[in-house]
Amino acid sequence: MSTPTITGPSPSIWVAADAIDRARPRSRQRQLGASDTACERRAAYKFHGWEPTDHVISPASVLGTYTHEGLTTAARKEFGWLVEKKVADATVRGSIDIVQLDRVTARQLPRRLRPRVPADENTVEDIKTRTVYRWDETIRYGATAPELRQVMTYARLLNSGGFADVDGQRVLARLGPIRVERIRLRYICRDNGEEFVQEIPYDPDIAEEAVWWLQRVTETEHPEQARRDFLGPGIDAACDYCPFATACWGAPANGRPVQANLVHDNEDVAKHLADYVAAHRQWSEADKLKRFVRKSVDGTDAGRYGANRLDWSEEEKKEQRPDLRAMIEIFDTLGAPIPTVPDEDRMVKALVTAGLAVPMRTVVKRPSRRIGVSAVRE
Ligand code: SF4
């Protein structure tokens with residue numbers, strides 16, 4: 001049996017994953033997509049055809065892509081749902097994760113394209129992955145504003161023009177406009193696979209708001225006229241992995257964070273300080289209220305209360321203290337006088353002066369209880 005040859009340290013597998021991800025057609029597209037409706041400035045760079053200035057490998061987003069591919073393939077094979085279908089109009093394009101047709105619409109298609117279980121109303125589904133850190137917020141608040149704009153845009157495009165007439169879906173395009181009545185957002189936790197499904201009716205107002213949002217981007221003459229919707233690298237993850245981060249914020253100067261590039265004169269400082277004071281006021285009011293609640297429920301057992309779950313966790317605190325008994329033994333061995341009433345501070349000082357190590361012991365302090373409040377799923 002031949003022995004594999006190791007020619008050097010193993011490269012990170014993310015380098016390969018990233019290369020594949022960058023080669024995908026969507027990574028090269030410049031036309032605005034429904035998923036570009038999160039940051040106005042970023043959409044503007046894309047719309048004006050700027051070349052990306054940054055490239056950061058995002059394992060989280062690559063994992064999200066893999067999860068998407070695996071789950072949509074499974075849904076297509078097992079449920080017969082339509083997956084990764086293209087929609088577009090003159091301004092925006094999109095690729096819908098899943099469309100589950102109702103019985104009446106599905107009957108107009110060849111049998112191979114009909115869902116095994118039709119929906120009771122035509123449904124557009126978008127799959128999102130989340131880390132466990134954002135899971136509580138996901139269950140509590142559901143879809144974010146950009147996520148709603150994205151999925152409502154898909155539904156609007158299907159409602160108005162149907163599936164795009166492109167290779168691989170010509171039969172679907174012949175159906176014409178599809179009346180979509182339901183939106184489904186399926187959240188998958190990347191850390192433990194937990195699943196949370198939010199279903200809501202199609203909302204033409206949000207779809208209209210998304211049209212207006214995109215229109216504002218297309219009306220700019222330069223990306224800098226578009227608003228930054230995030231607070232920059234080191235604060236918002238969207239900026240940490242943004243391909244236009246340097247174009248947007250500039251390079252760090254004198255080792256300072258890039259946000260410092262926005263401050264040019266005293267007027268800028270004054271404006272930022274006013275923001276700081278306003279934010280601090282809100283934070284301090286909120287913090288007072290949290291401390292009030294913490295004290296109010298001090299005698300309450302852990303458990304479910306309305307829409308929330310109360311948990312208590314205890315944190316043991318350990319610290320190193322001089323070990324008096326061991327110090328007495330050292331003093332005894334050295335024949336040094338031991339204070340009749342042992343004086344810890346004096347003994348420590350004497351050992352340090354004599355160049356001897358101060359014996360230490362670990363003291364466990366009474367644990368303090370920490371409150372935890374998390375969302376409860378219905
Ligand atoms: S760096 Fe942040 S604010 Fe700037 S374009 Fe990118 S996402 Fe938007």
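This is a predicted model: local features need pLDDT of at least 70, side-chain atom pairs count only at pLDDT 80 or more; totals for chains, interfaces and linings use all residues.
**Layout**

Let's start with the big picture. The chain splits into domain 1, covering 13-234, and domain 2, covering 308-375. Taken over C-alpha atoms, the centres of domain 1 and domain 2 sit 58 Å apart.

At the start of α13 (residues 324-334), D323 points a side-chain oxygen to within 3.4 Å of the backbone nitrogen of R325. Just past α13 comes G335, with a positive phi of about 70°.

**Salt bridges**

The whole structure holds 26 salt bridges. Here are a few of them, with their N to O distances.

| Pair | N to O distance |
|---|---|
| D89 and R156 | 3.3 Å |
| D229 and R227 | 2.8 Å |
| K271 and D275 | 3.3 Å |

The bridge between D89 and R156 ties together distant parts of the chain, with the partners 67 residues apart. D89 lies in the loop between β1 (82-88) and β2 (93-100), while R156 belongs to helix α7 (residues 145-161). Are these two buried or exposed? D89 is partly exposed, with a relative accessible area of 30%. R156 counts as buried at 15%, because the cut-off for buried is under 20% relative accessible area.

K271 and D275 are a within-helix case. Both are in helix α12 (residues 266-296), four residues apart, which puts about one helical turn between them. In an α-helix there are 3.6 residues a turn, so residues three or four places apart point the same way. D275 is partly exposed, at 44% relative accessibility.

Strands β4 (residues 182-189) and β5 (residues 195-201) run antiparallel and are joined by seven bridges. Y187 stands opposite F196 in β5. The two strands make a hairpin with five residues between them, and G193 in the turn takes a positive phi of about 80°.

There's also a network of salt bridges here, linking D120, E121, E125, R182, R184, R186, E195 and E199. One member worth a look is R184, which sits in strand β4. How accessible is R184, and what does its side chain contact? R184 counts as buried, at 6% relative accessibility. Its side chain makes a polar contact of 2.6 Å with the side chain of E125. A polar contact of 2.7 Å joins R184 to the side chain of E199. So the charged side chain of R184, although R184 is buried, has polar contacts with E125 and with E199.

Note on methods:
Residues are numbered from 1 along each chain as its sequence is written. Side-chain values use heavy atoms; hydrogens and water are left out. Domain bounds come from an automatic or database domain assignment. A polar contact is a pair of N or O atoms within 3.5 Å; within protein, one must be able to donate a hydrogen and the other to accept it, and residues adjacent in sequence count only if both atoms are side-chain atoms. A salt bridge is a side-chain nitrogen of Lys or Arg within 4 Å of a carboxyl oxygen of Asp or Glu. Buried means under 20% relative accessible area, exposed over 50%, partly exposed in between (1.4 Å probe, protein chains only). Two strands pair if DSSP finds at least two bridges between them.
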